[in-house]
Amino acid sequence: MARALIVDDDDAFLSGLAEVVKREGFTVATAGTLADARREMADSTPDIVLVDLLLPDGNGMELLEPLEPGSGPEIVLITGNASLETAVDALRRGATDYLTKPIDMGRLKVTLNALARTVEMKDQIGNLRGELRRLGRFGPLV
């Protein structure tokens with residue numbers, strides 16, 4: 001089961017979004033600040049992070065900075081203060097998607113399903129690479 005981390009300083013929004021994400025089949029952890037999110041990510045790396053752009057201790061895009069492209073979790077930025085500049089900046093930094101508040105539940109569900117498939121494919125690729133390493137360069141060649 002894919003693991004999601006939701007980061008938002010609005011407790012009502014956070015709990016509502018967590019419930020929707022759980023219904024889509026994810027295990028959910030929540031955080032109210034960047035510091036809490038970093039601790040959660042250090043304890044157990046999530047597959048998907050849904051993070052508010054404006055948090056009490058910084059900008060949600062700061063979670064993108066230490067991540068190598070393709071190696072970390074899928075990041076979806078959520079904001080009530082959307083602008084073209086922040087959307088472009090987020091996508092350039094490696095965010096998977098950019099959602100605006102109030103959230104369109106249909107779009108959120110499509111995004112979550114796509115991310116779940118991406119996570120599943122990454123796991124399968126990792127398993128196949130491990131199997132290839134185990135077999136060696138030429139496999140069971142006789």
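Q: How do strand 1 and strand 2 pair, and over how many bridges?
A: Strands of a sheet pair through backbone hydrogen bonds, either parallel or antiparallel. Here strand 1 (residues 3-7) and strand 2 pair in the parallel sense over five bridges, with V7 opposite A31 in strand 2. Two strands count as paired if DSSP finds at least two bridges between them; strands are DSSP runs (E, at least two residues) and helices are too (H or I, at least four), numbered from the N terminus. Mind that this is a predicted model: local features need pLDDT of at least 70, side-chain atom pairs count only at pLDDT 80 or more, and totals for chains, interfaces and linings use all residues. Residues are numbered from 1 along each chain as its sequence is written, and side-chain values use heavy atoms, leaving out hydrogens and water.

Q: What is the strand order of the open sheet?
A: Its five strands run 2-1-3-6-7, with parallel pairing. Strand 2 (27-31) and strand 7 are the edges, each pairing on one side only.

Q: Which residues of helix 3 are buried?
A: In helix 3 (residues 84-92), they are T86, A87 and A90. They fall within an arc of 100 degrees (taken from directions from the helix axis to the C-beta atoms), so they line one face of the helix. L84, E85 and R92 are exposed on the other side.

How values were computed
Buried < 20%, exposed > 50% of the residue type's maximum accessible area, 1.4 Å probe, protein only.
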